Amino acid sequence: MNEPAIKIEGLHFSYGRKKVLRGVDLEVPVGSIFGFLGRNGSGKTTTIKILLGLLKPDAGVCKIGSLDSQKDVMKVRQSVGYMAEDQQMFGWMKVTQIIKWVGSFYPGWDEKFARELVDLLELPRDTRVKNLSKGQNSRLALLLALGHRPKIVILDDPTLGLDPIARKDFLRYVIGLLQSNGVTVFFSSHLLYEIEPVADYVAILEDGVIVKTGKTDELRQSVKKILLRSAGDIEFGGVGGILDVAKMGERIAVTIEDYSEAKREAIEKKSGCAAVDEVDLNLDEIFEAFVIGNRGKKVKV
Amino acid sequence: MIKALFWKEWCEQRWKLAYGCVILVGFTLIGLRSRLTPDEFIVIFASAGGSILMALLVGMGLVATEKSEGSLAMLLALPVRSWKIFAVKMVMGALVCAVPIVGCMAVSLAVAGGREMSANRIAVAHLGGISFSVIMLVWMVAFSIRQPNEARAGLVGIGVFMGWVFFVFLFVKVFYKRLDLVLWGLVITPLGILQFAASEGQMHTLWAVIVQAVMLIFLLLWGGYRFGKEGRSKL
Amino acid sequence: MIIFIRIEPSSPVPIYRQIIDQIRYQIATGALKEGDQVPSVRQLANNLAVNQNTILKVYNQLCSEKVLRIERGSGTFVAAGRHSIPAVERKKTVGKLLREAAVQAIHLDISLEQMKEQLEKEYEAIRLMRNKTGAKSNE
């Protein structure tokens, strides 16, 4: 099982003049839950659409298992479960009708399983899609993505617009239904605090590239902020892993990735001042550091 | 798969077929039975007017409804080639346009066949109407694929029709001295089909059919291609 | 068997550590007694809406520390008396934590006296709770 479930290499894409993806590289291990994180408009949906063959990239390769997402589009769609962002379905169809209808496109559709899911996901069988609540709509979209028992499931912002309880329930379904069966889950979100408990791995997309990728449970510990006893300008060139440098009153706050004693000492040496304090960051702050951190470019007084 | 696509389109469009039948067949029946006007008037009005009505009604909803409801994205993400989806839509749309006119033809033949007009004339007039309707449907859909909702698509359809009328008037105005050129001009517009159907000009009819068929194929290919690209429009 | 665990979203402590700590806390205070069954990996993952691998990590660590034990076919239970673990090991575990606490205290300018005071307070508080729930005593 050496082949990753999903592999993205050097993906470039522009909408007209606007360059959205500037060389995205990503590998999703088989059977993992992979969180794809980024701000609104960062290109997550674009990346996912390219994976599904809905968009054609300017450059780069996407592989789903051994299939190429541009050359083997139909095979990819047959073997992958996909839930679009804010998926709108055919309002006039009843729940049972749309399930049967979608099922006819997949030779591997498991009718019995689909029927079990209707009960498990608490969907009203005879209600028309246009009369479903947002939560029910999302769960229906999930069902449609799972009915053909795919080994890989791609969810684009699946909890968009759901209330906190519905969100947690949705993630429970993902863990219970998919992780238990060794299904690879690739889902995008802009909420790190939602991804963190659920995902094995996380990748952050910003400005068209992946700025961080790694195991989720190492994230909280690996990013720290140290406060230096100094207020003047300091140049941090040459010290790796600096995410952000900011003035905090009479101190300079340096946010560091993959924190270690060695790095702290290196920074103390480079700046010539001692570190007065070590601050642990919450997830929002960690996300900010990766996404809008200035990477230690010269801080002006 | 294809069956499922046809089923969906049928469920979504059958009300238009019912509507068209009721309006057109009703009008034809009442008009011919009451004999308030010459038969020809009713026949031309029903087949020509009906064809425009049906083309607009169907063309408006074929693609634009999916877009305005947002379900087009889901449709295009299914494991089926987008040209198949488009083809099924067009076939069903053409059927929905044609059937009411066929209904009119049946009624007209039954009530007024051989009365003021020969059965042949009536049949040809209606066949012309069906062809015109389908042609207008294809033109309208091909040009309105990018439109976000039915109203805009409808405007495109009206615009297409007005464009044809204008072209014909212009052509006639410019070449009025040369009747043969005028006839050739009519050949290249879909309106010509109606005209020739009405007047039974044999040679020009054949050319008109060929030209229209070629244009239709081109428009269908172009429309199908743009339909498949509709995944791009939303960021 | 539902055990009450709350994950702190804004804490810098990784989720698996938080769960481990809370399970240990509940055992220490007697809320979880020896022989009690804890939820299966799947059940706990579902309860907390947390990745199953994280829960697996928690249980594996607690099992290797002999805090929990797995009984093939029946489930996972709170392990019998810590007395089965040699005193040297137990002291080492606590010693490690005390060293970390000492480092932090010196770092933050807390005196040994203050530290002792605080330790006494915390120790007693847990003892109290444990007595209330009638758990087996340490002595």
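How many helices and strands does chain A have? Chain A has 10 helices and 14 strands, where helices (H or I, at least four residues) and strands (E, at least two) are DSSP runs numbered from the N terminus. This is a predicted model, in which local features need pLDDT of at least 70, side-chain atom pairs count only at pLDDT 80 or more, and totals for chains, interfaces and linings use all residues. Residues are numbered from 1 along each chain as its sequence is written, while chains are lettered from A and ligands numbered from 1 in the order in which they are written.

The model as a whole scores ipTM 0.85 and pTM 0.86.

Along its principal axes, chain A occupies a box of roughly 70 × 40 × 40 Å, judged by its C-alpha atoms. Of the 301 residues in chain A, 44% are buried; a residue is buried if 20 or more other C-beta atoms lie within 10 Å of its own, exposed if 12 or fewer, and partly exposed in between, with C-beta atoms placed from the backbone. Two residues are in contact if their C-beta atoms, placed from the backbone, lie within 7 Å. Among the contacts in chain A with a separation of 6 or more, 71% join residues 24 or more positions apart.

Chain A also touches chain C. The contact takes 21 residues from chain A and 17 residues from chain C. On the chain A side, α6 (164–178), α7 (192–198) and α8 (219–222) each supply at least two residues. The largest share, five residues, comes from α6(A). By type, the chain A side divides into nine nonpolar, five polar and seven charged residues. Here Ala, Val, Leu, Ile, Met, Phe, Trp, Tyr, Cys and Pro count as nonpolar, Asp, Glu, Lys and Arg as charged, and the others, Gly among them, as polar.

Chain C is divided into domain 1 (15–81) and domain 2 (86–132), with bounds that come from an automatic or database domain assignment. The centres of these two domains of chain C, taken over C-alpha atoms, are 23 Å apart. The mean pLDDT of chain C is 83, and 90% of its residues reach 70 or more; pLDDT is the predictor's confidence in each residue, from 0 to 100. Within chain C, confidence is lowest in helix α4 (residues 87–107), at a mean of 82, and highest in helix α3 (residues 52–64), at 92. Where pLDDT is low, the predicted coordinates should not be read in detail.

In chain B, Leu36(B) lies in the loop between α1 (2–34) and α2 (39–62). Leu36(B) is exposed because it has 10 other C-beta atoms within 10 Å. The C-alpha atoms of Leu36(B) and Lys229(B) are separated by 52 Å.
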